[in-house]
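My notes go from the whole chain down to single residues.

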Amino acid sequence: MFQQREQLLGAGAASARLSLADVLPTPTRPPAPALPAPATGLQALKERLARSRQFIQETNWTPDLGQNIGSAEWFRGLATLCLLCTGAYAITPGLSPLGAAAAPPSPVAREELRSQMIMPMAFGSDTGRAMAATDAVVALRQAPERPTIELAATIGRGDSFMRVMQRAGVGSGDAQAVANLVSSVVPLDDIRDGTRIDITLGRRFARNQPRPVENIAFRARFDLNVEIVRAGSALDLVQKPILVDATPLRIRGTVGSSLYRSARAAGAPPAAIQAYLRTLATQLSIGNDIRSTDQFDIIVDYKRAATGEVEMGELLYAGLERSGKPRAQMLRWKTGNNVQWFEASGVGETRGEFARPVNGAVTSGFGYRRHPILGFRRMHSGIDFKAGTGAPIYATADGVVNYAGRKGGYGNFVRIAHGGNIATGYGHMSRIAVSSGTRVRRGQVIGYVGSTGLSTGPHLHYELYRGGRAVDPNSVKFTTRAQLSGSELANFRARLKQLLGVTPGAALQSLTPPAAAKQDEPKREIERIEGTTIT
């Protein structure tokens with residue numbers, strides 16, 4: 001029974017297997033893809049170019065050479081660098097000059113170019129095409145003249161105003177009229193050398209006549225411009241004053257290690273400093289009496305014009321202070337025809353030794369000696385200076401000549417009285433240059449060295465007298481004093497007070513007046529009338 005069941009189960013399974021196979025479709029393998037057709041030559045080239053382009057784009061040709069040194073990628077970057085450097089060197093143009101100059105044009109081409117140019121009259125204006133004259137061209141009898149001529153003349157040293165006018169082409173009549181007009185304002189001799197004169201000459205009526213003056217303009221003084229203009233047949237003078245500030249220039253400072261350098265650093269001009277030192281030297285020793293802590297005070301005559309020019313004058317005041325107190329105060333003051341330095345008290349004083357009468361060494365001193373000609377001992381009442389024949393002899397101090405002529409063994413002799421019972425004598429001159437009664441200044445030439453009288457050779461015999469007696473010239477110093485008094489002393493003190501009241505640096509301030517403060521204008525007409533604000 002069990003065996004039959006198994007047979008039935010097996011038969012059923014088989015039948016079931018057969019029926020499932022009949023129902024489901026039998027699986028089949030997909031067909032193999034068809035192989036591409038062999039590529040042609042052009043298509044193969046395109047494919048290779050595409051692959052090459054893709055390779056170039058995907059490859060890093062510029063890697064960092066600082067990394068992966070020695071690798072294939074590094075050598076590829078090195079090859080790229082070498083290739084770029086080689087290419088740059090290959091296309092370098094080099095350092096040889098480039099030939100850019102064009103060949104000069106031929107004469108025919110040059111003339112053609114010149115005919116199309118426009119040249120100034122100053123260079124001849126010989127351009128344009130030259131055309132032959134036609135019958136319509138009429139030659140001029142004479143070239144026309146310019147309606148006006150503008151000239152510039154300069155007054156030279158030793159020149160005169162009239163000569164400058166005439167050299168510029170101004171007729172004698174107009175030159176004299178211009179001179180008369182200018183002299184009515186300023187003396188012609190006061191016009192400084194180097195003054196520029198602008199001259200405008202008008203049209204003349206005939207060629208044999210001078211051109212008339214139309215306009216002349218120049219600077220007659222530091223504070224005045226002058227212009228001469230023609231009004232019809234006459235000439236008129238127009239004065240144009242120039243604003244000038246005459247405030248003296250005052251400079252103060254500490255002496256320091258060098259008075260000269262400190263004054264220069266403070267702005268004082270060199271000429272004023274030299275005059276300052278010479279003035280102080282008459283009162284004290286520059287090397288010994290001045291300390292580094294002292295204060296110098298310099299006042300100079302100073303003018304400046306609104307047009308910008310500056311005029312530096314003479315030293316007016318020389319002062320020195322120590323611990324706030326005046327050590328020296330000297331003011332320049334004119335008495336009569338003489339200009340002298342006076343102390344603040346009004347006393348003018350000059351100290352020093354007599355000047356040297358001749359440039360030469362002393363060969364014989366004052367005292368007893370054996371006379372070289374007479375042969376015995378006698379008093380030598382002066383000193384002898386060695387000098388050649390014709391050498392100038394100078395007055396040793398200011399004075400008046402009271403003798404000039406021949407005097408025994410002295411030969412040609414000059415005697416000068418200096419005041420205060422002091423006199424000097426000069427002997428053996430070859431020639432005398434002054435006469436009796438002449439007033440001489442220190443350093444003035446009064447004669448020339450010679451060998452007249454009892455003399456063995458050319459030299460100067462110089463004597464000094466005190467109270468009529470000859471004394472040793474090397475033992476005497478002189479002192480002259482001038483005392484101001486009365487109204488002149490009052491004017492002197494007022495001038496000194498005025499200068500000491502000048503603020504240092506005041507002369508350097510701007511000449512332009514300060515702008516007036518702008519006032520607020522009323523906003524309404526009623527406010528302008530009443531001057532009050534109505535709210």
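The entries below start with the ground rules and then walk through what I looked up.

**Ground rules.** This is a predicted model, so I kept in mind that local features need pLDDT of at least 70, side-chain atom pairs count only at pLDDT 80 or more, and totals for chains, interfaces and linings use all residues. Residues are numbered from 1 along each chain as its sequence is written, and side-chain values use heavy atoms, with hydrogens and water left out.

**Whole chain.** I counted ten helices and 25 strands; these are DSSP runs numbered from the N terminus, with helices being H or I of at least four residues and strands E of at least two. Of the 535 residues, 28% are buried (buried is under 20% relative accessible area, exposed over 50%, partly exposed in between, with a 1.4 Å probe and protein chains only). The accessible surface is about 36,000 Å², and carbon and sulfur atoms own 54% of that (Shrake-Rupley method, 1.4 Å probe; for residues, only the protein chains shown count as cover). I also checked contacts (heavy atoms within 4.5 Å): among those between residues at least 6 apart in sequence, 56% join residues at least 24 apart.

**The five-stranded sheet.** I found an open, antiparallel sheet in the order β1-β2-β3-β4-β5. Its edges are β1 (149-154) and β5 (234-241), each pairing on one side only. From one strand to the next, the twist averages 20 degrees (axes are lines fitted to C-alpha atoms, for helices over the stretch in contact, and angles run from 0 to 180 degrees between N-to-C directions). Pairing here needs at least two DSSP bridges between two strands.

Going across the sheet, I noted these pairs:
- β1 and β2 (196-201) share six bridges, and Leu151 stands opposite Ile199.
- β2 and β3 are joined by five bridges, with Ala217 as the bridge partner of Asp198.
- β4 (224-231) and β5 have eight bridges, with Arg230 opposite Leu235.

Helix α6 (172-183) lies across β3 (213-221), β4 and β5, at about 35 degrees to β5.

**Further along.** I then looked at β16 (383-386), which runs antiparallel to β13 (362-364) with two bridges. Ser364 has Asp384 in β16 as its bridge partner. β16 also pairs antiparallel with β23 (459-466), over four bridges, and there Lys386 faces His459.

Ser323 has a positive phi of about 60 degrees and sits in the loop between β9 (310-322) and β10 (325-335). His428 has a phi near 65 degrees, but its place is in strand β20 (422-432). Which of the labels, buried or exposed, goes with Ser323? Ser323 is exposed, at 76% relative accessible area. His428 is buried, at 5%.

**A nonpolar patch.** Last entry: Leu42, Leu45 and Leu49 make a nonpolar surface patch of about 290 Å². Patch residues have over 30% relative accessible area and no salt bridge; like charges are joined within 9 Å, and nonpolar side chains (Val, Leu, Ile, Met, Phe, Trp, Tyr) within 5 Å. A salt bridge puts a side-chain nitrogen of Lys or Arg within 4 Å of a carboxyl oxygen of Asp or Glu. Leu45 belongs to helix α2 (41-58) and is partly exposed, with a relative accessible area of 41%.
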